[in-house]
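My notes follow in the order I made them.

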Amino acid sequence: MEKAVSFLDKKQVINQRQLAWLASSVITSGGIFTLQNVLIRVSEMDAWFSYILSVFYIFVIAAFFGYLVKMFPKLNIFEISIHVLGRWGGTAVNLLILFHFWQILVQDMASASKYNSTLLLHNTPLEILVLMPCLYLIYFGRSSVEIVARVNDMFYPLFVIATLSMPLLLSNEFNLQLAMPVLTMPLKQLAFSNLLAIGSAGDIFILGAFLHTMYNANHIRSAIRHGSLLGICLFTLLIFLVLTVLGPKMPANFIYPAYNLVQVIHVTDFLDRLDIVLMTIWLPVLGCKMIAIYLAILLGISSIIKERNYPVINKQVALLVGLTTILSFKSITEVLAFANFSMPLIVLGYQPFVIGILFAAAKIKQRKQSHPMASPSDSGNSNKTPPEQMTKTSVRFSYKQWLWLGNILIVFSTVCIVIGLAFGKYKPIMSTACAMCFACCLFLTVLTTYMEVNLSKQSEVGK
């Protein structure tokens with residue numbers, strides 16, 4: 001069994017849709033239990049603008065991963081760091097990355113366990129609630145990321161449908177005046193909430209452990225951009241619903257604003273416990289994220305010890321994660337404080353350094369080699385897609401044009417926020433118009449990234 005897994009690990013392949021769903025799951029699943037209350041506490045009515053800085057940060061990470069795949073195909077970020085920095089330098093960088101991945105996994109396991117202990121299983125010992133995730137981590141630790149991507153494919157579309165249906169389910173509780181006036185908070189408070197949101201956006205770095213599963217730089221870049229934008233769009237909608245249903249004051253004092261929002265749903269007298277139904281969707285999505293992080297940790301450890309057959313260390317690592325989870329946090333307050341205030345500092349403290357040093361080392365390596373490594377699927381005309389291979393919808397724009405259109409829309413949405421903050425206190429109509437423009441630009445950016453995925457997929461099929 002282990003030899004078979006080791007062989008399959010070298011042949012892991014996931015498609016763009018699966019990587020996009022996985023990226024979206026990574027963005028949304030953890031923040032549902034940890035992030036909304038502090039964003040609303042800081043920015044109040046403007047909390048739903050807190051993810052614009054995260055979009056730029058994720059776009060930089062997506063471009064960085066695309067560059068690594070183009071230069072070093074069939075290698076993940078742990079193997080690339082050892083390849084370009086040597087055994088000692090690469091191991092030091094990998095230990096930094098692994099430390100962050102371990103923190104994300106411990107944080108998510110603690111938040112899920114304490115959530116279950118607080119709202120669902122009051123009398124169950126916390127140790128048992130932590131041990132249960134460890135069992136499915138051990139089970140999936142014997143497989144590969146392909147299995148996790150397929151499981152996520154089943155649950156995450158249900159999460160998307162459930163989130164998009166919430167405005168309809170909450171239509172009788174909806175009060176737009178609770179979120180008004182928009183863009184009137186001080187700039188420093190909105191900037192602070194944007195910095196806090198980077199802590200959850202930095203989780204997307206775990207996808208670097210699975211770069212060897214795809215060989216095309218455009219596929220990697222577009223899938224991460226589209227999945228992350230979809231997740232941020234859903235999260236923005238969720239925060240907006242919390243504000244317009246519960247107001248800006250009460251959710252700031254709730255531990256789980258999303259859960260309180262779902263409890264407000266009353267379709268009929270017989271359908272007033274839809275929170276149980278939605279919990280059965282939210283928890284598996286969070287489970288898929290934790291499994292993906294766990295597999296990334298296994299791959300990182302195996303690259304350090306030069307043992308690609310990572311199921312050998314599966315049980316030991318899972319039990320160590322469970323033990324450190326029990327010892328790390330005493331209460332949900334400590335979990336929330338760590339996720340909201342410590343994680344942004346950790347992400348901004350090491351990820352820009354890792355991106356910069358790996359990019360510089362890869363450039364130096366490329367100059368030294370007479371024939372730099374290049375992905376087979378990137379060779380030739382990867383960015384140019386023949387018009388005859390495109391559908392009528394996408395023939396008007398090339399891949400690069402859709403890419404830059406998405407970038408321009410995000411920049412324009414940022415300009416709308418700045419204009420609204422500058423003139424919103426004096427002209428409320430202008431701030432409302434800017435908020436509507438921001439929402440439209442965010443939605444259109446999701447569509448442009450979807451077209452990026454489609455065009456890169458069609459260009460690959462046409463080769």
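Entry one, Ser331. Ser331 sits in the loop between α12 and α13 (332–368). Helices here are DSSP runs of H or I with at least four residues, numbered from the N terminus. I then compared Ser331 with Lys114: they are 217 residues apart in sequence, while their C-alpha atoms are 7.6 Å apart in space.

A note on the source. This is a predicted model, in which local features need pLDDT of at least 70 and side-chain atom pairs count only at pLDDT 80 or more, while totals for chains, interfaces and linings use all residues. Residues are numbered from 1 along each chain as its sequence is written, and side-chain values use heavy atoms, with hydrogens and water left out.

Entry two, helix α12. I checked its length. The 15 residues of α12 (residues 314–328) should span 21 Å at 1.5 Å a residue, and the end C-alpha atoms are 21 Å apart, which agrees. The expected span is 1.5 Å times one less than the number of residues.
Which residues of α12 are buried? I listed Asn314, Val317, Ala318, Val321, Gly322, Thr324 and Thr325. Seen down the helix axis, the buried residues of α12 fall within an arc of 165°, so they line one face; the arc is taken from the directions from the axis to the C-beta atoms. On the other side of α12 I noted Lys315, Gln316, Leu320 and Leu327 as exposed.

I placed Gln103 in helix α5 (residues 77–120). Its relative accessibility is 8%, so Gln103 counts as buried. Leaving out residues up to four places away in sequence, Gln103 touches Phe338, Met343 and Ile346, where contact means heavy atoms within 4.5 Å.

Entry four, Arg17. I found Arg17 in helix α2 (residues 16–34). Arg17 is partly exposed, with a relative accessible area of 41%. From Arg17 to Ile224 I read 207 residues in sequence and 9.8 Å in space, C-alpha to C-alpha.

How many disulfides does a search of the whole structure find? I got zero, a disulfide being a pair of cysteine sulfur atoms within 2.5 Å. For Cys440, which is in no disulfide, the nearest cysteine sulfur is that of Cys437, 6.5 Å away. Cys440 is partly exposed at 46% relative accessibility. Cys288 is buried, with a relative accessible area of 3%.

Key. Buried means under 20% relative accessible area, exposed over 50%, partly exposed in between (1.4 Å probe, protein chains only).
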